[in-house]
Amino acid sequence: MAHPPAASPPDEIDLAMMRRALALARAAAAMDEVPVGAVVYRGERVLAEAHNRREADQDPTAHAEILALRAAAAVVGSWRLEGCSLAVTLEPCPMCAGALVNARVARLIYGATDPKMGCVETLYQICTDRRFNHRLVVTGGVLAQECGAALAEFFQKRR
């Protein structure tokens with residue numbers, strides 16, 4: 001498989017989906033969950049959306065991306081989410097980045113970078129590693145200031 005094309009700037013649909021993800025992140029914060037939201041979409045159609053639920057579900061895998069991918073797979077009736085994009089407010093961790101590759105998601109749009117766990121561009125490049133049989137087009141830093149502010153505000157209140 002050839003390397004995916006270089007990321008292009010986010011379009012209006014991508015920005016709208018990131019705004020949805022940001023609203024989901026704020027809903028997570030209101031539930032005392034780390035404020036991360038994710039939206040899976042194909043074109044203008046939202047297939048699924050979720051926010052972190054690790055505390056509510058007492059599930060270490062209940063990250064926004066994993067929950068959104070599971071729900072999107074149920075909607076399309078396949079684990080292969082080809083042609084889909086995922087917008088998420090925080091750079092995915094190794095588990096979520098791996099799930100994106102395994103789900104065959106076409107594009108990843110993320111907000112804030114994660115210096116401690118980010119495995120899309122910061123610590124590792126799981127989504128674009130040529131050794132894997134699938135790679136994603138990645139666009140980072142979309143509404144990064146707003147996404148980062150939601151996280152900073154959440155953790156500031158916890159201190």
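Tutor: We will take the core, then a helix, then a ring pair. The model is predicted: local features need pLDDT of at least 70, side-chain atom pairs count only at pLDDT 80 or more, and totals for chains, interfaces and linings use all residues. Residues are numbered from 1 along each chain as its sequence is written, and side-chain values use heavy atoms, without hydrogens and water.

Student: Which residues have the most contacts inside the largest nonpolar core?

Tutor: A nonpolar core is a set of buried Ala, Val, Leu, Ile, Met, Phe, Trp, Tyr and Cys residues joined through side-chain atoms within 4.5 Å. Buried means under 20% relative accessible area, exposed over 50%, partly exposed in between (1.4 Å probe, protein chains only). The largest such core has 52 residues, and those with the most contacts inside it are Leu 69, Leu 86 and Leu 108.

Student: Which elements do the buried residues of H4 pack against?

Tutor: Helices (H or I, at least four residues) and strands (E, at least two) are DSSP runs, numbered from the N terminus. Contact means heavy atoms within 4.5 Å. The buried residues of H4 include Cys 96 and Leu 100. The buried residues of H4 pack against H3, E3 and E4.

Student: What kind of aromatic pair do Phe 154 and Phe 155 form?

Tutor: Rings of Phe, Tyr and Trp (its six-membered ring) pair if their centres lie within 6.5 Å; planes under 30 degrees apart count as stacked, over 60 as edge-to-face and the rest as tilted. Phe 154 and Phe 155 are 5.1 Å apart centre to centre, with 80° between the planes. That makes the pair edge-to-face.

Student: Is Phe 155 buried, partly exposed or exposed?

Tutor: Phe 154 is buried, at 6% relative accessible area. Phe 155 has 34% relative accessibility, so Phe 155 counts as partly exposed.
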